[in-house]
Amino acid sequence: MAGGLAGKVVLITGGASGIGRATALVFARERAKLIIADMNEEGAQQTVHMITENGGEATALQVDVTRAAEVEAMISKAVETYGRLDCAHNNAGILGTPFIRLTEYPEDEWDRIIDINMKGVWLCMKYEIPQMMQQGSGAIVNTASAAGLVGSAAFPIYDASKHGVVGLTKSAALQYAKRGIRVNAVCPGVIQTPMVAQGIEANPRFEQGAIATNPSGRLGHPEEVAEAVMWLCSDAASFVTGHAMSVDGGLLAQ
């Protein structure tokens with residue numbers, strides 16, 4: 001088992017499916033107590049059911065991470081339910097409409113992607129960090145992307161939002177390192193999730209291209225990202241902060 005996660009209280013946004021759900025199940029395996037937050041309440045409840053039917057402990061919340069009042073209430077509910085907040089995986093995000101040139105993106109699409117992917121991460125940290133400072137410790141992992149470390153012609157606004165997540169992660173890590181709070185990011189490559197399925201549906205050649213250009217010769221699995229998130233939150237990563245960890249099958253090593 002990973003170091004020191006049994007009994008820890010872990011918040012996961014975007015926990016209704018994909019990487020968020022896989023991460024929730026990994027933490028549940030380690031006997032953590034989970035808050036599963038998502039706009040998709042039914043999906044969040046399904047994740048909770050998957051945990052509780054195996055003897056775990058979890059609570060579902062419907063939360064819009066772009067609304068400060070809802071994010072603040074989410075943190076309050078986590079503390080009210082379990083007494084503290086030890087770890088947070090700020091994972092909620094959207095792809096937006098893929099394969100559109102930057103000059104053709106409508107302004108409201110820009111606003112929606114940036115609000116969810118970047119403002120949402122900022123708001124979560126804004127309310128998570130004070131609670132963790134009060135406790136004297138905490139670990140945060142933000143979901144960025146391989147597209148947050150290099151350019152992406154296919155997803156320009158998504159790419160910009162994920163670069164922002166990496167920047168926020170590093171800045172927060174520097175500001176709070178001496179307060180016992182670690183802040184890191186995972187940067188997944190192309191992972192088999194509902195969001196990636198959206199990109200494949202928009203352009204069926206996307207999947208073939210992603211496999212062909214990846215040194216591993218395949219797409220990643222959500223569970224592979226989840227294991228990285230768990231490690232970054234665990235005592236095993238106690239001297240790791242401000243790191244943007246690629247989980248991409250070697251894609252960015254080329």
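## Reading exposure in this model

Burial terms come first here: a residue is buried under 20% relative accessible area, exposed over 50%, and partly exposed in between, using a 1.4 Å probe and protein chains only. The areas themselves come from the Shrake-Rupley method with a 1.4 Å probe, and for residues only the protein chains shown count as cover.

This is a predicted model, in which local features need pLDDT of at least 70 and side-chain atom pairs count only at pLDDT 80 or more, while totals for chains, interfaces and linings use all residues. Residues are numbered from 1 along each chain as its sequence is written, and side-chain values use heavy atoms, with hydrogens and water left out.

## Salt bridges

Let's turn to the charged pairs. With a salt bridge taken as a side-chain nitrogen of Lys or Arg within 4 Å of a carboxyl oxygen of Asp or Glu, a search of the whole structure finds 7 salt bridges. One of them joins Glu-227 to Arg-29, with the closest N and O atoms 2.8 Å apart. This pair links distant parts of the chain, since Glu-227 belongs to helix α8 (residues 222-233) and Arg-29 to helix α1 (residues 18-29), 198 residues apart. Helices here are DSSP runs of H or I with at least four residues, strands are runs of E with at least two, and both are numbered from the N terminus. Glu-227 is partly exposed because its relative accessible area is 31%, and Arg-29 is partly exposed at 42%.

Arg-84 and Asp-86 form another salt bridge, their closest N and O atoms being 2.6 Å apart. Arg-84 is partly exposed at 31% relative accessibility, whereas Asp-86 is buried at 6%. In the salt bridge between Glu-109 and Arg-112, the closest N and O atoms are 3.6 Å apart. These two residues are separated by about one helical turn, because they are 3 residues apart in helix α4. Glu-109 counts as buried at 10% relative accessibility and Arg-112 as partly exposed at 41%. Salt bridges that share partners also join Arg-29, Glu-30 and Glu-227 into one network.

## Aromatic pairs

Rings of Phe, Tyr and Trp (its six-membered ring) pair if their centres lie within 6.5 Å; planes under 30 degrees apart count as stacked, over 60 as edge-to-face and the rest as tilted. By this rule the count comes to 4 aromatic pairs. The rings of Phe-99 and Phe-155 have centres 5.3 Å apart and planes at 50 degrees, so this pair is tilted. Phe-99 sits in the loop between β4 (87-90) and α4, and Phe-155 in the loop between β5 (138-143) and α5 (156-176), 56 residues apart. Phe-99 is partly exposed at 32% relative accessibility, while Phe-155 is buried at 10%.

Phe-155 also pairs with Phe-206: the ring centres are 5.6 Å apart and the planes stand at 80 degrees, so the arrangement is edge-to-face. Phe-206 lies in helix α7 (residues 205-213), so this pair ties the loop between β5 and α5 to a part 51 residues apart in sequence. Phe-206 is buried at 16% relative accessibility. Ring pairs link Phe-99, Phe-155, Tyr-158 and Phe-206 into a cluster.

## Another residue of the β5-α5 loop

Val-150 is also found in the loop between β5 and α5, and is partly exposed with a relative accessible area of 36%. Val-150 and Gly-83 are 67 residues apart in sequence and, C-alpha to C-alpha, 40 Å apart in space.
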